[in-house]
Amino acid sequence: QVQLVESGGGLVQAGGSLKLSCLASGRTFSTNAMGWFRQAPGLEREFVAAISGSGRTTIYADSVKGRFTISKDNDKNTQFLQMDSLKPEDTAVYYCAAAEVLLRLNHLYTTRDMRYWGKGTLVTVSS
């Protein structure tokens with residue numbers, strides 16, 4: 001059974017940083033795309049970032065480009081999301097996700113692209 005477990009969420013002031021982790025178990029994702037999504041209260045779940053199986057290719061939503069960095073460690077079956085220069089509008093539950101296919105470049109990722117999901121970790125950015 002595949003499980004994705006996020007950690008690292010919390011409360012931070014605007015301008016601060018947090019690093020999220022996602023530990024995968026039950027299978028490896030060394031060839032599949034993985035990513036992060038987030039959902040703020042009252043809003044739909046939205047794409048944040050995705051990474052190729054090797055970790056060499058990444059894509060980001062415009063809203064986080066230049067502030068967030070996605071990475072992964074295939075030896076530890078873990079992916080990360082380093083979040084810098086956080087803003088109050090980044091407040092949301094952040095979800096780790098994994099696909100059954102390779103990373104698709106020039107693709108607008110939606111929740112339908114992902115097969116596996118974690119339960120989420122809350123990030124709150126105070127002003």
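Which residues does A99 touch, not counting residues up to four places away in sequence? The close-up views below start there. This is a predicted model, in which local features need pLDDT of at least 70 and side-chain atom pairs count only at pLDDT 80 or more, while totals for chains, interfaces and linings use all residues. Residues are numbered from 1 along each chain as its sequence is written, and side-chain values use heavy atoms, with hydrogens and water left out.

**View 1. A99 and the residues around it.** A99 touches F29, N32, A33, D113, M114 and R115, leaving out residues up to four places away in sequence (contact means heavy atoms within 4.5 Å). You will find A99 in the loop between β9 (92-98) and β10 (116-117); strands are DSSP runs of E with at least two residues, numbered from the N terminus. A99 counts as buried, at 1% relative accessibility (buried means under 20% relative accessible area, with a 1.4 Å probe and protein chains only). From A99 to R112 the chain runs 13 residues, and their C-alpha atoms are separated by 9.4 Å.

**View 2. N32, in the loop between β3 and β4.** Here the loop joins β3 (18-25) and β4 (34-39). N32 is buried, with a relative accessible area of 5%. Its contacts beyond four places in sequence are R27, I51, S52, G53, K72, A99, E100 and V101. A polar atom of the N32 side chain lies 3.2 Å from the backbone oxygen of E100.

**View 3. K72, a buried residue of strand β7.** Strand β7 covers residues 68-73, and K72 within it has a relative accessible area of 16%. K72 and S30 are 42 residues apart in sequence, yet 9.4 Å apart in space, C-alpha to C-alpha.

Terms used: Helix = DSSP H or I, 4+ residues; strand = E, 2+ residues; numbered from the N terminus. Buried < 20%, exposed > 50% of the residue type's maximum accessible area, 1.4 Å probe, protein only. Polar contact = N/O pair within 3.5 Å; in protein donor to acceptor, adjacent residues only side chain to side chain.
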